Amino acid sequence: MKYNSINQLFRNNQAWVADKLALNPNYFEELSSGQTPPFLYIGCSDSRLPLTNFTRTEPGELFVHRNIANQVSLTDMNFLAVLEYAILHLEVKHIIVCGHYDCGGIKAALEWKTIGIIDNWVNPIRELYLHKKAEIDALPTREERLNRLAEMNVAAQVKNLYQTSIMRQVLYTSKAPMVHGWVLNISTGLIKDLNVSTLEWQLHNCPLLLEWNID
């Protein structure tokens, strides 16, 4: 793969700005007026995964949080701040948890590689593997095992999302966003909707709580 030089990045930026202004002279004025993105995207930090490219979305459409192996960590204040801001202030309509095949974090968890501090970060995925070990190990190839764990990890992170206080709070209101679990296949560029069912993780309306809210 051919990579740009640091100076080329500036030239690319200037060319991109010129292209946008040629199509719409008010593009950046409109962009700078504020953001109301309909989507919160929680994805992996992998450099091959700019979702704006894969989905042909424009700046302002995706509010983004990325970390290694797309974790929804209940102790990560950075993530929790992003989630709260996205839901309460931006009022996003959809949350997308997107993993991918050929993920280094998944490989580290499945193959017990010692790689420093990342070991601590991917340990929840390792625990997930141990919990589903029989199912994963029964798959015939390494690629299939890695891919299946990547999919299971997305489902687990969707579940974690419903354990956050902010999601539990908005589930009692009409502002709860829809949650989606996706996995991206880098070798094809295609996104797969895992159709993760979230009904079992959602809170059901409690009459006493609703009555308390009304008062």
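A residue counts as buried under 20% relative accessible area, as exposed over 50%, and as partly exposed in between, with a 1.4 Å probe and protein chains only. By that scale, glutamate 91 is partly exposed, at 34%. Welcome to this predicted model, in which local features need pLDDT of at least 70, side-chain atom pairs count only at pLDDT 80 or more, and totals for chains, interfaces and linings use all residues. Residues are numbered from 1 along each chain as its sequence is written, and side-chain values use heavy atoms, leaving out hydrogens and water.

**The whole protein**

- The protein has 10 helices and 5 strands; these are DSSP runs numbered from the N terminus, with helices (H or I) of at least four residues and strands (E) of at least two.
- Its C-alpha trace spans about 55 × 55 × 30 Å along the principal axes.
- Of the 215 residues, 36% count as buried.
- The protein exposes about 13100 Å², and carbon and sulfur atoms supply 55% of that area; accessible areas come from the Shrake-Rupley method with a 1.4 Å probe, and for residues only the protein chains shown count as cover.
- Among contacts (heavy atoms within 4.5 Å) between residues at least 6 apart in sequence, 65% join residues at least 24 apart.

**Helices H5 and H6**

- Two packed helices are described by the angle between their axes and the distance between the axes.
- Helix H5 (residues 104-111) packs against helix H6 (residues 118-131) at an angle of about 55°, with the axes 8 Å apart; axes are lines fitted to C-alpha atoms, for helices over the stretch in contact, and angles run from 0 to 180 degrees between N-to-C directions.
- That angle makes H5 oblique to H6, since under 35 degrees counts as roughly parallel, over 145 as roughly antiparallel, 65 to 115 as roughly perpendicular and the rest as oblique.
- H5 passes H6 in a right-handed crossing; a crossing is right-handed if the near helix is turned clockwise from the far one by less than a right angle, and left-handed if anticlockwise.
- From H5, Gly105, Ile106, Ala108, Ala109 and Leu110 meet Val122, Ile125, Arg126 and Tyr129 of H6.
- The residues of this contact divide into 7 nonpolar, 1 polar and 1 charged; Ala, Val, Leu, Ile, Met, Phe, Trp, Tyr, Cys and Pro count as nonpolar, Asp, Glu, Lys and Arg as charged, and the others, Gly among them, as polar.

- Leucine 149 is found in helix H8 (residues 142-161) and is buried, with a relative accessible area of 0%.
- Leucine 149 touches Ile106, Leu110, Ile125, Leu128, Tyr129 and Ile136, not counting residues up to four places away in sequence.

- Most residues other than glycine have a negative phi.
- Alanine 69, in the loop between S2 and H4, has a positive phi near 65° and is buried, at 0% relative accessible area.
- Serine 73 lies in the loop between strand S2 (62-67) and helix H4 (77-89); it is buried at 15% and touches Phe79, Leu80 and Trp121, not counting residues up to four places away in sequence.
- Glutamate 91 lies in the loop between H4 and strand S3 (94-100), and its phi is positive, near 55°.
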